[in-house]
Amino acid sequence: MKFENNYIGIFLGFSGYVIFVLLDSIIKKYLVNYYPVIEINFFISLFSLIPISLALYLISGWKVLINNKIHIQLFRGLLGLICAAIIINSFKNHSFSEIYPILFSAPLIITALSFFVLKEKIGLKRLLAVTIGFVGVLIVARPGTIHFTFSLFLLFLGAIILAINVILIRKYASNQSSIAFAFYGFLVGLVISSIITTQIYIPLNDGDIYLFILCGIIAGTGGLCISAASKMLESSLFAPLQYFQLIAGFVFGYIFFADLPDYYEVIGSLVISISGLFIIYRDYKTGIKSFTSKVRGASDIINRGS
């Protein structure tokens with residue numbers, strides 16, 4: 001039974017990360033150049049509540065929304081909105097092969113923050129892996145060159161926000177429901193973005209409302225898939241699955257935009273991925289769970305907006 005659950009969990013995790021890349025592809029191709037970033041966030045947050053509300057009704061029940069960590073969930077929702085806006089804004093000028101490697105420095109940042117915030121010990125090997133991983137980020141971003149832009153710099157800030165979100169869970173709310181976190185995250189995004197959108201609203205073109213509905217359902221469904229997978233799989237099995245998003249980003253980038261990663265992006269991505277996977281391996285060997293917990297799993301690393 002456990003063997004069968006592993007297969008289902010791996011399928012759900014893989015599907016969730018591919019779904020997020022599909023979401024990004026639709027936003028990048030059809031929406032980001034026509035609507036303000038916050039307006040896009042508003043509609044996605046609104047319609048993502050459809051699958052999440054269904055999951056609450058059918059699976060976990062509404063009672064999981066009642067807990068003593070709502071303030072943490074609301075704060076994470078605010079951070080998630082900022083991070084989502086940074087990521088969507090980067091779609092205007094950069095390919096997935098530039099964007100995703102920088103975002104995937106989040107596990108490296110989590111390891112570094114765990115030392116200062118959670119007082120976890122970081123051995124020499126893990127410290128070296130973090131350092132090498134950040135070298136990979138520099139290879140992709142190439143600061144000091146014409147390639148480096150302010151939106152790439154903001155992406156690194158987005159990776160820090162993703163890391164802070166995980167640290168908040170591990171420190172204050174590791175036993176809370178994944179669906180509740182997703183619900184409150186998107187709810188905060190909806191409320192805040194709706195206030196801003198009233199000031200900058202651009203009327204939707206014919207048919208774009210259906211694109212926004214699709215994007216919202218995709219966002220909510222992707223998050224639920226990843227959350228479900230994180231509960232079915234051991235952390236050591238689940239955590240490496242996130243790197244499928246890097247591969248999917250390269251594939252979808254080529255299919256939708258004819259983008260091919262250059263030499264720097266390939267090398268930098270490999271360096272970041274190998275460093276992150278090594279940290280996962282070391283955490284598994286030593287029993288440290290620097291970016292997963294038994295309840296939440298690694299879904300918090302890249303479950304944007306929630």
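Analyst: A polar atom of the Ser193 side chain lies 3.3 Å from the backbone oxygen of Leu190. The backbone oxygen of Gly189 is 2.4 Å from a polar atom of that Ser193 side chain. A polar contact is a pair of N or O atoms within 3.5 Å; within protein, one must be able to donate a hydrogen and the other to accept it, and residues adjacent in sequence count only if both atoms are side-chain atoms.

This is a predicted model, in which local features need pLDDT of at least 70 and side-chain atom pairs count only at pLDDT 80 or more, while totals for chains, interfaces and linings use all residues. Residues are numbered from 1 along each chain as its sequence is written, and side-chain values use heavy atoms, with hydrogens and water left out.

Ser193 belongs to helix H8; helices are DSSP runs of H or I with at least four residues, numbered from the N terminus. With a relative accessibility of 0%, Ser193 counts as buried, a word that means under 20% relative accessible area, with exposed meaning over 50% and partly exposed in between (1.4 Å probe, protein chains only). Leaving aside residues up to four places away in sequence, Ser193 touches Ile38, Asn41, Phe42 and Leu81, where contact means heavy atoms within 4.5 Å.

Helix H8 itself covers residues 178-200, and its 23 residues should span 33 Å at 1.5 Å a residue. The expected span is 1.5 Å times one less than the number of residues. The end C-alpha atoms of H8 are 32 Å apart, which agrees. H8 also has a kink of about 30°, centred on Ser194; the bend at a residue is the angle between axes fitted to the seven residues ending there and the seven starting there.

One joins the side chains of Arg142 and Asp262 (3.0 Å, N to O). Their positions are 120 residues apart, Arg142 in the loop between H6 (124-141) and H7 (150-172), and Asp262 in the loop between H11 (244-257) and H12 (263-286). The other joins Arg142 and Glu265 (3.6 Å, N to O). Glu265 lies in helix H12, so this pair ties together parts that are 123 residues apart in sequence. Arg142 is buried at 15% relative accessible area, Glu265 is buried at 5%, and Asp262 is partly exposed at 27%.

Notes. Salt bridge = Lys/Arg side-chain N within 4 Å of Asp/Glu carboxyl O. Helix = DSSP H or I, 4+ residues; strand = E, 2+ residues; numbered from the N terminus.
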